[in-house]
Amino acid sequence: MLIRILGCSGGIGEDLNTTSLLVDDDILIDAGTGVGNLTLAEMARIRHIFVTHSHLDHIAGIPLMVDSIFGQIHEPIVIHASAETISALRQHIFNWVIWPDFTQLPTPQRGVVRYELMAPYETQTLGARQIRMIPVNHVVPGVGYVIESAGRVAAFTGDTTTNNSFWDALNEYPSLEVLIAECAFANQEHDLCRKAHHYCPDLLAADLGKLRHRPRTFLTHLKPGAEAQIEHECRELLQDFDLRRLFGGDLIQL
Ligand SMILES: [Zn+2]
Ligand SMILES: [Zn+2]
């Protein structure tokens, strides 16, 4: 499997885009502003979007992408998400006010978008890939995903703060090879992290202490401008981890 990082910043700016991971050439995990890095032909190959939660930085690319390739969508793009996230997309984005309801276009019988409800801990099998939803602890209902292909395993936390569910689930995967973990803020923003339900380095390090494996670990969702500070604090606390900061355009091959 190949994971291409389309966006991995906590915000936008020159060369900074929000969360979106392309798995092989047909699956998106989240669809933030990073989706804009895809060509039209690449967008047209997307068949599935797995969404971690309803926040704008993780979904902003969906309405614009679907509109951009509207005439090229012959099979509906499937949006996989929790009940709460689907409800938020229906109610607040694809509501004919912010954007059209593409489940009804070009006709209600053959919309270009379809929602597929996923329950916590459920697995979707797509060809050789298996994608499993794991609940986490964010300010809105949020999930992470475990992605398996041909025995290789990668995991993405989504947006979260301190939890046991994600780490307990990962402990079931001794072959876990790659972990993409959010660390939105530096330690000086500890109180904000608690309120916004994100990790800062000390909270992330405490949770990584629950993990029995030592996968290659990539830091994502860093606050624009605070990246160096967050990375430095993580390196101090996580010296037994193979730690890297994720950059837009990175390719992770497993
Ligand atoms: Zn969020
Ligand atoms: Zn976010």
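Predicted model: local features only at pLDDT ≥ 70, side-chain atom pairs only at ≥ 80, totals over all residues.
Q: What's the strand order in the open sheet of seven strands?
A: The order is 6-5-4-3-2-1-14, and the pairing is mixed.

Q: Which strands stand at the edges, and why is one side of each left without a neighbour?
A: Strand 6 (113-117) and strand 14 (251-253) stand there; each has a single partner strand, so one side has no neighbour in the sheet.

Q: And the twist? What does it average?
A: From one strand to the next, 20°.

Q: How do strand 2 and strand 3 run, and how many bridges join them?
A: Strand 2 (residues 20-23) and strand 3 (residues 27-29) are antiparallel, joined by three bridges. Val23 is opposite Ile27 of strand 3.

Q: Which strands does helix 3 touch?
A: Helix 3 (residues 61-68) packs on the sheet against strand 3, strand 4 (48-50), strand 5 (77-81) and strand 6. The direction of helix 3 makes about 170° with that of strand 5.

Q: What about helix 4?
A: Helix 4 (residues 83-93) also packs on the sheet, touching strand 5 and strand 6, with its direction at about 150° to that of strand 6.

Q: Switching to cores. How many residues are in the largest nonpolar one?
A: There are 32. Among those touching the most other members are Phe166, Trp167 and Leu204.

Q: Which elements supply at least two residues each?
A: Strand 10 (152-156), helix 5 (165-170), strand 11 (176-182), helix 7 (201-208) and helix 8 (227-237).

Q: What does Trp167 touch, not counting residues up to four places away in sequence?
A: Thr157, Leu179, Tyr199, Asp207, Leu208, Lys210 and Leu211.

Q: What's in the second core?
A: That separate core has 27 residues, including Met65, Ala81, Phe94 and Val112.

Terms used. Residues numbered from 1 in each chain as written. Chains lettered and ligands numbered in written order. Heavy atoms only, no water. Pairing = 2+ DSSP bridges. Helix = DSSP H or I, 4+ residues; strand = E, 2+ residues; numbered from the N terminus. Axes fitted to C-alpha atoms, helices over the stretch in contact; angles between N-to-C directions. Contact = heavy atoms within 4.5 Å. Core = buried A, V, L, I, M, F, W, Y, C linked by side-chain atoms within 4.5 Å. Buried < 20%, exposed > 50% of the residue type's maximum accessible area, 1.4 Å probe, protein only.
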